[in-house]
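User: I'm new to this one, could you walk me through it?
Analyst: Gladly, let us look at it together.

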Amino acid sequence: MIRALREYDVGGIRTNLAFFRQILEDAEFRAANLHTGFIDEFFQRRRSIEPSGDLAAVAALAAALHTVAGRPVVANGSAASVSAWQTAGRDGLLR
């Protein structure tokens, strides 16, 4: 089951696959120490994942590369003009 959940990927929508993976890998779950308060205790035991301090910088770099990658370049190396419609569309994707 763990292998199947690791191989399963759904794009475009939010799912609870990560939650199921964490439950299946939990030591208490694997030891069958289950009860009606298991999920509450699981959330209390679970270590919160601290984002990297560089996460904002990496996201900004990825957004900048994404924005620049689609712009055509003219002979002198500068970006060619892009329509306001195209710019608005790209900006909307970066939100």
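User: Which residues of H2 are buried?
Analyst: In this model, which is a predicted one, the buried residues of helix H2 are Leu17, Ile23 and Leu24. Seen down the axis of H2, these buried residues fall within an arc of 120°, so they line one face of the helix.

User: And what do the buried residues of H2 pack against?
Analyst: They pack against three helices, namely H1, H3 and H4.

User: Switching to salt bridges, how many are there?
Analyst: The count comes to two salt bridges. One of them joins the side chains of Arg45 and Asp26, with an N to O distance of 2.6 Å. Arg45 lies in helix H4 (residues 38-45), while Asp26 sits in the loop between helix H2 (17-25) and helix H3 (27-30), so this pair ties together parts that are 19 residues apart in sequence.

User: Is Asp26 buried or exposed?
Analyst: Asp26 is buried, because its relative accessible area of 12% falls under the 20% cut-off.

User: What about Arg3, which residue does it form a salt bridge with?
Analyst: Arg3 forms a salt bridge with Glu7, and the closest N and O atoms of the two are 3.1 Å apart. Both residues belong to helix H1 (residues 2-7), where they are four residues apart, or about one turn of the helix.

User: Buried or exposed, those two, Arg3 and Glu7?
Analyst: Arg3 and Glu7 are both exposed, whereas Asp26 in the other pair is buried.

Note on methods: Residues are numbered from 1 along each chain as its sequence is written. This is a predicted model: local features need pLDDT of at least 70, side-chain atom pairs count only at pLDDT 80 or more; totals for chains, interfaces and linings use all residues. Side-chain values use heavy atoms; hydrogens and water are left out. A salt bridge is a side-chain nitrogen of Lys or Arg within 4 Å of a carboxyl oxygen of Asp or Glu. Helices (H or I, at least four residues) and strands (E, at least two) are DSSP runs, numbered from the N terminus. Buried means under 20% relative accessible area, exposed over 50%, partly exposed in between (1.4 Å probe, protein chains only). The arc is that of the directions from the helix axis to the C-beta atoms. Contact means heavy atoms within 4.5 Å.
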